[in-house]
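Dear colleague,

Please find below the structure that I am handing over to you. My notes on what was found in it follow directly after.

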Amino acid sequence: MPPGLIRRLMDRAEELLLVALFVLMFVISFANVVARYFLRFALAFTEEMVLAAFVWATLLGTATVVRRGAQLAFTFLVDRGSRPTRRLALWLSSTATVVVFGALAYYGVQQVELERRLGFTTEALALPQWWYTAGVPAFAVWVVFRVLQAAWELDRTLRA
Amino acid sequence: MTAVAFFGAFLVLLLVGVPIAAALGVASLAFLWTHPLGVQVMAANVYSNIAKFPLLAIPFFILAGYVLDRVGVSRRLVDLLSLLVGPVPGGLALVAIGGCVLFGAISGTGPADTAAIGTIMIPAMIRRGYDPAFAAAVVAAAATTDVLIPPSVAFVVYGVITDTSVPRLFAAGVVPGLLMGLALLAPAYLISRQKGWGGARWGNVQEILRALWDAKWGLLAPVVILGGIYSGMFTPTEAAMVGVAYGLFLGLVVLRNVTLHDLFETFREAAVASAVVMSVVAFAGLYSWTGATLGVLDQAARAVTRFTDSAVVLLLLLNVLFLLAGMVLDAISIFYVFVPILLPVMAKFGWDPVWFGVVMAVNLSIGTLTPPVALNLYVASHIARVSVGRIARAALPFVACLVAVLLVLTYWPGLVLWFPNAVGVR
C-alpha cells in the first residue's frame, strides 16, 4: 500500500474510534438519565463504563490534538527564535511529551499486570478492572507515535 | 528549596514552549522519580483524575454547545437581537455582545462562544465597515462572559477541586456575567460612535415577533439545561446530556437541518475540544497530587498567609498574580496549581469559596484576552484573519472595563453571593 493511503486509513480509524467512544458515552449516560427519571429504574452500574470511555476518549483525542498541533502551549518566545532554535524547541517539547506518555504507558502496563495478578474487579459490574485500565497504555503508546510523526514532519519544514 | 524547584521546573518547561499538559507531566515525573512518593501509581492517578462523574459535564456541555450551534440556534438569536437593537451607533457590536451573553447560557467555554457568535457577527461587522481587529476584539471580549454565565466548564473544574456545589457556583456566576456584558456595551458604543460604525435597521413589530418565534428553540435551551439543574431534577452532568439530546432532537426531528455527516463532524470536534481540556486536567491533577505529597503546596500556602495579614492587600496581589498567570497559562491549569495552595488561605481569611471561585473565574476569563496564551483571541483571529497582536490592542478598552468589574466583585462579595442566596441554591 502507498504510504499516503496508510496515513489516511490511520487518521480515519482514529477519528471513527474517537467518535464511537463519544457516542457510546452519550448514549449510555442518556439512557441512564431516561431510565432513572422516566422508568424509575437505575442503570447506575453503567457509570463506570462511561467513565472508562471518557478516559479512553481523552487519551485518543489527545493523539488527534497532537496530530493537529493544537495542544495548549506558550510558544511566544520560541516562535521568535531562529530556525535552529525553533528546531531545538520542537525536539525539546516532543521529547517531553514522549517522556510523559511513555511513562504513562510503562506504568500503565505495570498497573494492568498488578490488577490481573490481584484479580481486581470493578465495583458495579464486577468486570476485571484491567479491561478498563488497558486503554491507558494502549492509547498512550498511540500518542507517542503521533508526537514522533508530527515532530518528524515539522522538522522537515524547519530544515528545508 | 524543593518548592522553588517544583514550581520552577514547570515554569521553565512552559516558557521554552513545551505543551502545558506535558510540562505538568514532566515536572511531576522529575519529583516522582527522585523522591519516594509512589511513582508506580502514575497511571492509576491519571485515570482517576479524568474518571470523575462531575467532570463528565465538560465533554457534554462542549458537545451541547457545538450541536446547538450547528442546528442554527446562534444565528436565530443574533437575528432577533439585530432587529431589536437597530441602527444605533455600534449596533452590530452591541448585537454581538448580547449574542455572546445569550449563547453563553447554552455553551460552557469562551472559545466555543467566540466561534459560535464570531463566525456570524465578525464577517457581518467587517461587511458593515467595522475595523476587523475591533470586530474580532468585541466578540472575543464578550465571549469571556461565557465563563461566568452558566453552564460553565471552569466552574465544573473548580467545583471538583474545592468540593464546592457546582449549581451554587453556576448561580453565583449569573450576576457577574451580566455585569461584564453590560460593562462591555459602553466602550463598544463609544468607539463605534466616534468611528461612525452602525447597525442594521429596526424591525417592525411583526418582524420582531416572527424572529422571536424563530429564536424560541434557542431561548428555550437555557430553560431546559438550567431549569433542570435548579428544579433539582438533574445534576449538572445530567443537564449537559439533556442539552445534547435537546440539540439532537431539534436538528434531527424538529428543524431537520443536520445530516449524519454533520453530526459526525460535530461529535469529532467536540471530542477534540474536550481532549484539549481534559489532557490538561489529567496532568494538572498529577502535578497537584505530587505537590501535595511533597508538601510543597502547604509550604506555599504558609508563605502566602505569612506574607500579609491584610485581606485587602492579599486580594489585590492575588488578582495581579492571576492576571499575569492568565497571560501564560490556561484557566484549567491555573485552577489546579493555585487552588490547592489557596484553600488554607481562604479558610484563614474566612473567604467564601463560591465567591472566590467567581473572582478567579472573572480573572481567568480576562486571561483569554491577554496574549500570548489567549484562547478567545486565537479563535477570533482565525475568523477575522487579523493578527492576534492587532486584536489584543483593539481589545484593551474592553479588558480595562472587565478589570473594573473584577475589582468591584473582589471587594463586594455580597454582589456575587446575593443571587445564589436569593434563589436559595446551596
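**Cysteines, a nonpolar patch and a helix**

C100(B) counts as buried, because its relative accessibility is 0%, and buried means under 20%. Please bear in mind that this is a predicted model.

The cysteines deserve a further remark. A disulfide is a covalent bond between the sulfur atoms of two cysteines. A search of the whole structure finds zero disulfides over all chains. For C100(B), the closest cysteine sulfur is that of C401(B), 16 Å away, which is too far for a bond. A disulfide would need the two sulfur atoms within 2.5 Å. Seen from C401(B), the closest cysteine sulfur is likewise in C100(B), at 16 Å.

The surface of chain B also carries a nonpolar patch of about 880 Å². Among its residues are F307(B), V312(B), L316(B), M327(B), L407(B) and Y411(B). Two elements of chain B give two or more residues to this patch, namely α17 (311–328) and α22 (396–411). Of the contributors, α17(B) gives the most, with seven residues. F307(B), another member of the patch, is found in helix α16 (residues 296–307) of chain B. F307(B) counts as exposed because its relative accessibility is 60%, and exposed means over 50%.

In chain A, helix α4 covers residues 83–118 and has 36 residues. From its first C-alpha to its last, this helix reaches 52 Å, close to the 52 Å expected at 1.5 Å a residue. Just after α4(A) comes G119(A), which takes a positive phi of about 65°.

Yours sincerely

Conventions: Residues numbered from 1 in each chain as written. Chains lettered and ligands numbered in written order. Predicted model: local features only at pLDDT ≥ 70, side-chain atom pairs only at ≥ 80, totals over all residues. Heavy atoms only, no water. Helix = DSSP H or I, 4+ residues; strand = E, 2+ residues; numbered from the N terminus. Expected span 1.5 Å × (residues − 1). Patch = residues over 30% accessible without salt bridge, like charges linked within 9 Å, V, L, I, M, F, W, Y side chains within 5 Å. Areas by Shrake-Rupley, 256 points an atom, 1.4 Å probe, with all protein chains shown as cover. Salt bridge = Lys/Arg side-chain N within 4 Å of Asp/Glu carboxyl O. Buried < 20%, exposed > 50% of the residue type's maximum accessible area, 1.4 Å probe, protein only.
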